[in-house]
Each structure stands twice: as C-alpha cells, then as structure tokens.
Amino acid sequence: MGKFLAAAPCFTIPMLVLLIVGCAARPFYPLPSRLPEGSRQPLQTTRPYNIAHRGSNGEFPEETLPAYKRAIEEGADFIETDVLSSKDGVLICFHDVTLDQTTDVGKYKKFANRRRTYDVQGVNITGFFTVDFTLKELQSLKVKQRYPFRDQQHNGKFSIITFEDFIAIALDAPRVVGIYPEIKNPVFINQRVKWRDGKIFEDKFVEILKKHGYKGSYLSKDWLRQPAFIQSFAPTSIIHVSNLTDLPQILLIDDTTIPTQDTNQTYWEITSDSYFNYIKKYVVGIGPWKDTIVPAVNNYMLTPTDLVTRAHTHNLQVHPYTFRNEYNFVHFNFHQDSYEEFDYWINTIRVDGIFTDFTGSLHHFKKWTSNLPPNDTEEQNASDLLHKISVMLNPYRS
C-alpha cells in the first residue's frame with residue numbers, strides 16, 4: 001500500500017478513473033466520514049449501537065438539551081429519551097412521573113398544593129406529577145442531577161424540553177443521529193391526560209414522529225435517513241403503535257419480579273420462546289435490564305442466562321440497559337474497569353446495542369477496538385485518496 005500511495009500523485013486523472021472503474025472485483029463506496037460537502041455522515045450499522053441513555057447524563061442533568069448535544073459530540077449512534085405528557089397534553093422528555101427527584105419543584109410555594117398520591121403500576125406514589133402541570137409551568141422549573149456523586153455544577157441551569165425539542169436536536173446534528181424514544185407509563189398517562197380529539201398518548205406520540213419525517217422499517221432507506229427505535233415496557237402500546245407506523249420497536253423488559261404494566265404478565269412469560277415467537281411480529285428486539293441477562297449477587301456476576309441466545313434465535317436484537325461508569329455500578333468481575341465490562345458484553349454476550357450514561361466511554365472503546373486503526377497514517381492516506389477518486393467519479397454516475 002505504501003508504494004502505491006507514493007506513486008499515486010504521478011497518475012493522471014483519466015488513469016485513476018480507469019483504474020477504479022476496472023476494479024470490478026471491489027465495489028466502490030465513498031467513506032462515510034468523507035462524503036461530498038453538504039452530506040451528513042450516515043449511521044453506522046455494523047457494530048453494536050451506542051445508545052445515549054437520557055443523553056450524556058453522566059455529565060449533565062438527564063434529558064436536557066446539553067446532555068443530548070454532549071452525547072452527539074461524544075459519538076452516540078442514538079440519543080434516548082423518556083416521553084411523558086404535561087397536563088395540557090404536550091409531550092415532554094422526562095423520566096419519572098413525579099418531578100421531585102430531578103427538579104426544583106419543591107422550592108415553589110405556589111405549587112405546594114399540587115402534591116398528589118396516585119396509583120402507578122399498582123404502587124401508591126406521592127409527589128408532584130408532570131400530569132398536574134401545564135407545559136409553561138413545567139418549563140419554569142429547573143432540572144438537577146439525579147445522583148449526588150455526579151457533577152452538580154449544572155443544577156438549576158436547564159429546563160425540561162419537549163419531545164419536539166428532542167427531535168430537533170437529532171435532526172440538527174452534523175451527522176445522522178438516531179432517536180430512541182420510550183412511550184413512558186402509557187397506562188398512567190392515558191388515565192390522567194385526555195386529548196380533545198379523542199386520541200390517546202400513543203397516537204400523539206406517533207403523530208409527532210410522522211410530523212418530523214420519521215418512517216420506514218429497520219434499515220430501509222427512509223429509516224437510515226432518519227433512524228428511530230420506539231421502545232416501551234407495555235406490550236399493548238407496542239401492538240397499538242404497530243398499526244400506526246412501520247418504525248422498528250423494542251420491547252423493554254424489567255426486573256424478574258416486576259410484571260408488565262398493562263397486561264400483568266410475568267418476566268418469565270414475556271421471555272419465553274412462545275412469547276418471542278408472538279411478539280417478533282411487532283418488534284425487532286428486546287431491551288432487558290442487564291442483570292436479567294447475567295444475574296449478579298453481592299455485585300458479582302453469576303452464570304449468564306440463555307436470554308440473548310434465545311432472542312437471537314428468534315432474530316431479535318438485544319439492547320440491555322443501563323451501563324454506568326461509577327464503581328458502584330460496575331460489577332467486581334470487571335475490576336472496576338468499564339472498558340472490560342464493554343468488552344464482555346459486546347464480545348462474549350454478543351449484544352446488539354448498549355444503553356449507557358457515558359456515551360464517550362463506549363465510543364472510545366469501540367473506536368480503539370475497531371479493525372481500522374484510527375491513527376494509522378498509511379490507512380488514513382489511502383482513505384483520503386479513495387475519497388478524492390470518489391468525488392471525481394460522482395458526476396459520471398447515473
């Protein structure tokens with residue numbers, strides 16, 4: 001390769017064109033990172049997806065604009081969000097049904113009488129619920145970091161964003177970045193929020209996706225242009241949404257002790273082969289909590305289950321959650337090394353995507369373990385040359 005590169009500048013343009021056109025044995029494609037001006041680098045689909053769980057929330061308060069922008073800067077393939085509703089029916093990005101843990105709602109005397117107790121998935125929860133606040137009121141609050149051991153300097157600086165704000169962040173990215181929204185607590189939302197047109201939460205969710213051009217089955221041209229996975233813990237929501245869009249869906253799977261919120265099915269029922277055979281008509285994958293794939297006791301992992309193997313047998317992807325860098329989340333088996341953890345899950349368990357709070361760490365791991373050495377000068381020179389040839393050939397392609 002080195003000799004070829006050294007001689008390349010001596011070739012005339014016609015000679016280069018003939019050389020490339022004549023190499024029929026090797027199809028020619030422009031490198032994704034060196035597309036013609038005005039094009040965006042496409043989504044990579046050959047390695048497990050880097051899914052920014054609530055944005056880069058290891059650094060910024062979760063589900064905020066800077067958390068998502070940071071995740072994109074750090075190399076996320078998809079940015080993930082939880083979608084809830086305000087009292088006035090506007091879809092927002094927020095994880096908890098209550099505002100207490102990650103906003104400053106408690107300091108406002110004017111909202112003191114909004115405290116309520118509701119049944120959520122069979123449990124009485126008391127707090128300030130998003131469904132009791134209008135969008136204007138919600139956006140008057142400031143968000144804070146969930147965990148006290150993470151950076152607190154950004155507390156009180158950012159507001160709750162809408163689902164449409166979230167979509168705009170992805171569409172404005174300098175490269176193609178997918179979205180991974182969750183239909184959050186649909187049973188509860190549909191009980192508490194009513195839309196004037198008679199539609200339900202799931203309908204409004206899909207309406208917004210369609211409004212912004214999201215469509216297409218997995219890996220279709222439309223999907224690759226604007227990639228999206230729809231996720232939910234509620235099987236009935238997934239089935240309902242499948243009648244509204246052909247976007248790929250992921251069935252989320254909770255702890256082994258928690259039944260589904262809408263159908264009251266056990267973990268064992270929804271991870272059985274018979275259920276996989278049924279649900280694969282509606283989903284392209286599952287999103288289980290990682291400790292249901294490889295159980296852990298006293299922070300030590302035990303023998304892996306056959307969940308991933310069986311899911312793959314049914315042609316279902318597996319995107320486990322949630323990977324966090326801090327020592328209290330990384331199992332002792334990995335010697336407190338998150339890279340060792342990534343290596344295990346990607347190369348031993350063979351998952352197809354990873355939800356992580358630290359997008360940059362997973363991106364660097366994937367980059368450093370790639371088959372294409374990023375710092376290899378000869379490889380880079382070859383890439384540059386092939387890109388230039390591609391640009392010259394573009395006008396001649398039909």
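**Cavity lining and salt bridges**

User: What makes up the lining of the largest cavity, by residue type?

Analyst: The lining residues divide into seven nonpolar, three polar and two charged. Ala, Val, Leu, Ile, Met, Phe, Trp, Tyr, Cys and Pro count as nonpolar, Asp, Glu, Lys and Arg as charged, and the others, Gly among them, as polar. Among the lining residues are Phe233, Asp254, Asp255 and Gln261. The model is predicted, so local features need pLDDT of at least 70, side-chain atom pairs count only at pLDDT 80 or more, and totals for chains, interfaces and linings use all residues. Residues are numbered from 1 along each chain, and side-chain values use heavy atoms, without hydrogens and water.

User: Why is the pair Lys211 and Glu164 called a salt bridge?

Analyst: The term requires a side-chain nitrogen of Lys or Arg within 4 Å of a carboxyl oxygen of Asp or Glu. The N to O distance between the side chains of Lys211 and Glu164 is 2.9 Å, so the pair meets the rule. Lys211 lies in helix α7 and Glu164 in helix α5, so the pair ties together parts 47 residues apart in sequence.

User: What makes Lys211 exposed or buried?

Analyst: Buried means under 20% relative accessible area, exposed over 50%, and partly exposed in between (1.4 Å probe, protein chains only). Lys211 has 59%, and is therefore exposed. Glu164, at 28%, counts as partly exposed.

User: Which salt-bridge partner does Asp77 have, and are the two buried or exposed?

Analyst: The side chain of Asp77 meets that of Lys366 at 3.2 Å, N to O. The two lie 289 residues apart, and both are buried.

Methods: On a 1 Å grid over the protein atoms alone, a cavity is a set of points where a 1.4 Å probe fits but cannot get out, and a pocket is an open set with protein on both sides within 12 Å along at least five of seven lines; lining residues have an atom within 4 Å of a point. Helices (H or I, at least four residues) and strands (E, at least two) are DSSP runs, numbered from the N terminus.
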